[in-house]
Amino acid sequence: MIGQIIVSGILTGLLYALIAFGFQLTYATSKTANFGQGSLVMLGGLLTAIIAPKFGYIAALPVIMIACAVLGVMINYLCIRPSLRNTESANSWIVATIAFGIILIGAQEMIFGKNELSIATPFSEDPLSFGNINILPHEGFIALLVLTITFLLDRFYHSRWGKAFEAVSYDRYAAQLQGIPAEKIILGSYIASSILAGIAGWAVSPITGAGITLEMLGIKSFCAAVVGSLSSTRGALLAGALIGVLENLAAFLLPSGFRALPALILCALVITFRPTGLFGKATINKV
Amino acid sequence: MTFKTKLTTWLPEIDIAFPGLLIILAALFPFWSSTPAYTGQIILLGAIYAIALLGLDLIVGYAGALSIGHAALFGVGAYTTGVLTLQAGFPGWLALPISAILAGCAGWLMSLPLLKANDKYVALGTLVFGLSASIIFNEWNSITGGSIGLTLPPQRWAGLQLSTYHYTYLALILLVLSIKIINTLTQSSLGRAFEAMRDAPIAAECMGIHVNRHKQGSFVMGGLFAGLAGGLFALSQGYIASSSFSFEMSVNFLLALMLGGKKSRLGILLGAAVVIFLPLMLSSIMEWHPIIYGGLILLATYVLPGGIVSLLPHKYTSKKTYIAPVSHDQKAIHLTSHTTIDTSILALDNVSMRFDAFYALKNVTLHIKPGTIAGIIGPNGAGKSTLINILTGIYTQTDGDISFCDQSTHSWATSKLAQAGIARTFQNLQIFCGLSVLENILVGLHHCHENNPLKIATGLHTKKDFTAYERAWSLLHLVNLHEYAHTLASALSYGQKRFLEIARALACNPKLLLLDEPAAGMRGADLEQLKVLIQSIRRHGIAVLLIEHHIDIITTLSDHIFAFNFGELIAHGSPEHVITHHAVKEAYLGS
């Protein structure tokens, strides 16, 4: 039993890490993040529910990526750029992204309705058994997907563009003087971050269904990003897994409504006692 | 006392008259409303929200933190009242203050991330706190009743069965009291300290204001108001369910504050009205709610950052009327008692400051005697500003000992060093832009005010304020800024701002004054005035550490010059000795 709790916790946690990567990308370039990221995860799920039955599961992916990219551009121009350009409203992006998230959720409920939609997995429904631990093929697919993206992101951070990201995060103006188009890089990070959230919604919806519940993934992943460290992919993976396991334990021991509580409390403790994140310093792979 | 009436007109008139009129109009509702029961309920809710918003305004508007979890504090108040009256049989009038206090404690808990994290993380912390609280409210069924809710027993106070009418008037009375308290608090030294730390936190810290403690204080006080409002909400509605204290409610509170206008009582009343009337007006298009709410928040953030209040005329034309005091008994500069002591007031022994592998200061030993001027020279990057930042506790040295007045200052906080008698000015000006010139000086005089919020709220603080106020005028005369006393500090010229910083630093009664390039950007008559001022400061027994590039100023004023290069002390002694020293010449001109 405990083995099952840990393994499926880690599998859920990988998904949190995937969304957390998006927070890390935008935090790296502009020290900002989209507090309404959950709405994009929800969009990923709902678009899958609409498109997958007619055109197939894979066909939903490009549509989601394009839709999220467009929304990422909107978030950047509506919520982030005005705040970055005006030092007097330096933190107004927080409220602005929350507001954008609320609008996006409202719009989705108007368009798609409020019901949870279920989606068939393209893989077999029969779990693979390893001893007394069961893993759904779809869960295995998610794990592979997340690990691939992690690998690609790591490669990216070590590339020339990754260095440009790093430069913009240290000092936007100095980077601009070096000929790095800082505002475009920030825009790019928001597009990438939004696409990652959409992919997460696409990946998870066959297991969880699509609807407002996916929205909660945004804040849980934010917790994973903070707990792990906003500057380390490995930290986000570990923290995501930790939160996933804690959640499963809480669901096992407490009434189901408390499920989300451990992630939140862990996050609050980390912000209070170790704001750099649990795995902040231990990693070589600094962004 | 004419003085007192003058001191209490700092608020724009619009913020005294209009809220007063609105509240009187609301109190007369049985006479003008055709559906008094319904109107009474609306006014009741409006007053409750307004009380909670006053608390949020302290946190967001004055202290400049961001709280996305205010509904949690509101909820703590409501559930405390609910549980106390229902399960412990407390009467409502007793449960209310307990609710406020518990919510104040919750506010303190919510503010803990302030100790280590930056303001973005603190905002995230409030969001996480709010979400956790709403999960607990929703799931801890045995205490909170969860989504089904709690039904409170009806209240009977002194034989009187309380109805909506009574609650409406109770809420209005509590609202008036709350506004009164907030007005007093925000016009006091404490309110000034809040605004100062919002505009320039490091400078506020150097005035002896413990910034984090003050921010935490704003959360506690904000919690008190939210808790009172929550308790009143529970009593008057007779029923509470977890949906009233969710994330959406926190967002509503923020929306109300931002849309109405921060730092304004009228703004809060308008904001509360919007949050109450908006759902009523939009009841036929429920599904549009999130989009409209979100749109309004975006609008309030970027299009109308001052809120509705900023659209009204006269908001900024009202002048803050301080009058100049008649007497000039107060000496501008306080004599320090250390003039007679012959030992060093400041002693650095082998102090080093290392950033990774780079030494910004290396094995620096220097001693400064009271009543002398120590000049610090050196090319850019010599470590001059690092030295000042270490002395004021902004950095902690990686090696070596510093003692001030024979006490080791290791790991003292900036505000503690300031209180001990180290004041400074800044190379890059750090004035409190949103305050007037006089108020800037008054922030420096923070230490001679009554800063206990309880005493301020009860009006026991005014006497000390008069002395501080007279002293501030003397300081303004000293630096020739008395004509600009009521001007916004941001409107002063560059040179005037430099003098303002010196006067503000003198207000802290320093024993050691650190001047970081005071003459930068000054010319002609200003330079002469600066020299006279610094000499007069020395005559009062204050030790001065003067960083300057004007060779003329540094050689005529300094008793002793310390020359730095690449973080090392390369020469020190009398001005003649140092400026002819070969190492100094080499540092500036090359060999």
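Tutor: Happy to! Among the elements of chain B, helix H6 (residues 92–110) has the highest mean pLDDT, 96, while helix H1 (residues 2–7) has the lowest, 38. For chain B as a whole the mean pLDDT is 86, and 91% of its residues reach 70 or more.

Two stretches of chain B call for care. Over residues 1–10 of chain B, pLDDT stays under 50, and the model has 10 contacts there beyond four places in sequence. Over residues 315–321 of chain B, pLDDT again stays under 50, with 13 such contacts in the model. Where pLDDT is low, predicted coordinates should not be read in detail.

Now for a helix pair. Helix H4 (residues 36–62) of chain B packs against helix H14 (residues 265–281) of chain B, with an angle of about 125° and axes 8 Å apart. H4(B) and H14(B) are therefore oblique to each other. Their crossing is right-handed. On the H4(B) side, the residues making the contact include B:Ile42, B:Leu45, B:Tyr49 and B:Leu53, and H14(B) brings, among others, B:Ile268, B:Ala272 and B:Val275. Look at the spacing of those numbers as you trace the helices. An α-helix has 3.6 residues a turn, so residues three or four places apart point the same way. By kind, the residues of the contact between H4(B) and H14(B) divide into 12 nonpolar, two polar and one charged.

After H16(B) comes B:Gly393, which has a positive phi, near 75°.

Finally, chain B has a partner. Its contact with chain A takes 33 residues from chain A and 33 residues from chain B. On the chain A side, the elements that give two or more residues are helices H3 (57–85), H4 (92–112), H9 (216–228) and H11 (261–273) of chain A. The one that gives the most is H4(A), with 14 residues. That side of chain A divides into 26 nonpolar residues, six polar and one charged. For the complex, the predictor gives an ipTM of 0.92 and a pTM of 0.89.

Technical notes:
Residues are numbered from 1 along each chain as its sequence is written. Chains are lettered from A and ligands numbered from 1 in the order in which they are written. This is a predicted model: local features need pLDDT of at least 70, side-chain atom pairs count only at pLDDT 80 or more; totals for chains, interfaces and linings use all residues. Two residues are in contact if their C-beta atoms, placed from the backbone, lie within 7 Å. Helices (H or I, at least four residues) and strands (E, at least two) are DSSP runs, numbered from the N terminus. Ala, Val, Leu, Ile, Met, Phe, Trp, Tyr, Cys and Pro count as nonpolar, Asp, Glu, Lys and Arg as charged, and the others, Gly among them, as polar. Axes are lines fitted to C-alpha atoms, for helices over the stretch in contact, and angles run from 0 to 180 degrees between N-to-C directions. Angles under 35 degrees count as roughly parallel, over 145 as roughly antiparallel, 65 to 115 as roughly perpendicular and the rest as oblique. A crossing is left-handed if the near helix is turned anticlockwise from the far one by less than a right angle, and right-handed if clockwise. pLDDT is the predictor's confidence in each residue, from 0 to 100.
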